[in-house]
Structures are given as structure tokens and as C-alpha cells.
Amino acid sequence: MSASSAVRRLTAVALVTGSVVAAAALPASAGQDRGPDRQQVVISDVQYNAPGPDTRSNRSLNGEWVNITNRSRQSVDLKGWTLRNSEGDKYTFRHLRLNGRSTVKVHTGLGRDTRHDVYQDRREHIWDNRSDRATLSNRRGSVVDTESWGRGRGHDRDRGNDRGHDRDRGHDRDRGHDRDRGNDRGNDRDRHQR
């Protein structure tokens, strides 16, 4: 065998090996490019019934909140994202970068925004104690997550994602919301009574 044919064989083997390695690497890099599709920003908890009577005091208003959790490792820019109730009342996130594996609490009342607490600056309650839906949408308007309670719970049908449970999480039972207190609270949210 001549030296030139040996060089050609080694070159061919190197090219084939390089092609195989490159092909094996493609799926991994393609998966990394899908970062936004793989984000796991969810409504992780809702306190829709502020403790105590609904007095419309700032303390009472801030007793209502929604936790938004970023389950991924990468931070997510929430600027332009919205959180709204079933009546269409909407809060738009201003300048907030939610770090990976962290949570921000969205309070109803007045306050000073931090990395872990933001405030809607409202002067009346937004979440209906009996039945409502919190909807989180990204800046393009696509629904990212929903959380429902009371009559007509959606159980995540909007996203077609069951996530292994029906999202009830015992809001009316385990955490003392409404029924356990024996308190129908006829004075709360006159505009939300159905």
C-alpha cells in the first residue's frame, strides 16, 4: 500500500468519525436552543381569601397574593407578562427578572417592589373568594399557566397539561379559606359576587 492511499484512508476515517460526532452532538445543541419553550414558570400558590375580614385596608389587600415560581435553572425576564383574574382585571409585570428556582409573590395592595415581592397597587380586592381564575400570560399573550378555584374550575384545561393533579390543592379546605372559618363574608367583593 502506498503512502498516499494510507493518507487518503486515514483522512476518510477522520471525516467519517467527525461526521458521526457532529451528528450525535446536534440533538443536544438543538435542545438548548429551545430555551423559551422549556421554561417552567407556573402559578405555584394562591391566597385568594385574605386572612380576617376584607376591610380594604392595605394589610387586608396584601393578604391576597399569587406566587409565581420559575422551576427552571435559567432566569426569566417577566417584563410585559400579565396576571389577570376571570373578570379581566390585569396586572402587568414591569422590570422583573425571576431567577431560576425562585418565587415572586404578587400582592394585591400597595407596596414597594423587590425581587421576591411585587405589588399591584390596587385599592380593592381582586380575587373572588368563591370562584375565580388566575391566568399568567407571557409578553406575547400566550397563556403560560392558570389556577382556578370554586365553581367551574378549569383544572389546567387551557394548557392541555394535567401535571398529575387537578390544581385544587385544598384551597377551601386545608388552609382555612372560606368554609373552615364558617364565614361566608357577604361584604367582600360586591363587584365579584355571582
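Read along the sequence, the protein chain follows the pattern α-β-α-β-β-β-β-β-β-β-β-β, which amounts to two helices and ten strands. Helices (H or I, at least four residues) and strands (E, at least two) are DSSP runs, numbered from the N terminus. This is a predicted model, in which local features need pLDDT of at least 70 and side-chain atom pairs count only at pLDDT 80 or more, while totals for chains, interfaces and linings use all residues. Residues are numbered from 1 along each chain as its sequence is written, and side-chain values use heavy atoms, with hydrogens and water left out.

**The chain as a whole**

- Of the 194 residues in the protein chain, 40% are buried; buried means under 20% relative accessible area, exposed over 50%, and partly exposed in between (1.4 Å probe, protein chains only).
- The protein chain exposes about 11200 Å², and carbon and sulfur atoms supply 49% of this area. Accessible areas come from the Shrake-Rupley method with a 1.4 Å probe, and for residues only the protein chains shown count as cover.
- Among contacts between residues at least 6 apart in sequence, 56% join residues at least 24 apart; contact means heavy atoms within 4.5 Å.

**The sheet β1-β2-β7-β8**

- Four strands form an open sheet in the order β1-β2-β7-β8, with mixed pairing. Two strands pair if DSSP finds at least two bridges between them.
- The edge strands of this sheet are β1 and β8 (117–119), each of which pairs on one side only.
- From one strand to the next, the twist averages 25°. Axes are lines fitted to C-alpha atoms, for helices over the stretch in contact, and angles run from 0 to 180 degrees between N-to-C directions.
- β1 and β2 run antiparallel and are joined by six bridges; V46 stands opposite V66 in β2.

**The sheet β5-β4-β9-β10**

- Another open sheet of four strands has the order β5-β4-β9-β10, with antiparallel pairing.
- Its edge strands are β5 (90–92) and β10, and each pairs on one side only.
- Neighbouring strands of this sheet are turned by 15° against each other on average, direction ignored.
- Strand β4 (residues 82–84) pairs with β9 in the antiparallel sense over three bridges, and L83 stands opposite L136 in β9.
- The antiparallel pairing of β9 with β10 extends over six bridges. T135 stands opposite T146 in β10, and S137 stands opposite V143 in β10.
- The hairpin of β9 and β10 has five residues between the strands, and G141 takes a positive phi near 90° there.

**Strand β9 and residue D132**

- Six of the six residues of β9 are buried, so this strand is largely enclosed by the rest of the structure.
- Both faces of β9 are covered: D132, A134 and L136 are buried on one side, and R133, T135 and S137 are buried on the other.
- D132 lies in strand β9 (residues 132–137) and counts as buried at 4% relative accessibility.
- The side chains of D132 and S86 are joined by a polar contact of 2.7 Å. A polar contact is a pair of N or O atoms within 3.5 Å; within protein, one must be able to donate a hydrogen and the other to accept it, and residues adjacent in sequence count only if both atoms are side-chain atoms.
- A polar atom of the D132 side chain also lies 3.0 Å from the backbone nitrogen of D128.
- Not counting residues up to four places away in sequence, D132 touches N85, S86, I126, W127, E147, S148 and W149.

**The largest nonpolar core**

- The largest nonpolar core has 23 residues, of which I68, L78, L83 and F93 touch the most other members. A nonpolar core is a set of buried Ala, Val, Leu, Ile, Met, Phe, Trp, Tyr and Cys residues joined through side-chain atoms within 4.5 Å.
- The elements that give two or more residues to this core are β1 (41–47), β2 (65–70), β7 (102–107), β9 and β10 (143–149); β1 gives the most, with three residues.
- L78 touches V41, F93, L96, L98, V104 and R139, not counting residues up to four places away in sequence.

**Residue L98**

- L98 is found in strand β6 (residues 97–98) and is buried, with a relative accessible area of 2%.
- Beyond residues up to four places away in sequence, the residues that L98 touches include I68, T69, N70, L78 and V104.
- L98 and R115 are 17 residues apart in sequence and 7.3 Å apart in space, C-alpha to C-alpha.
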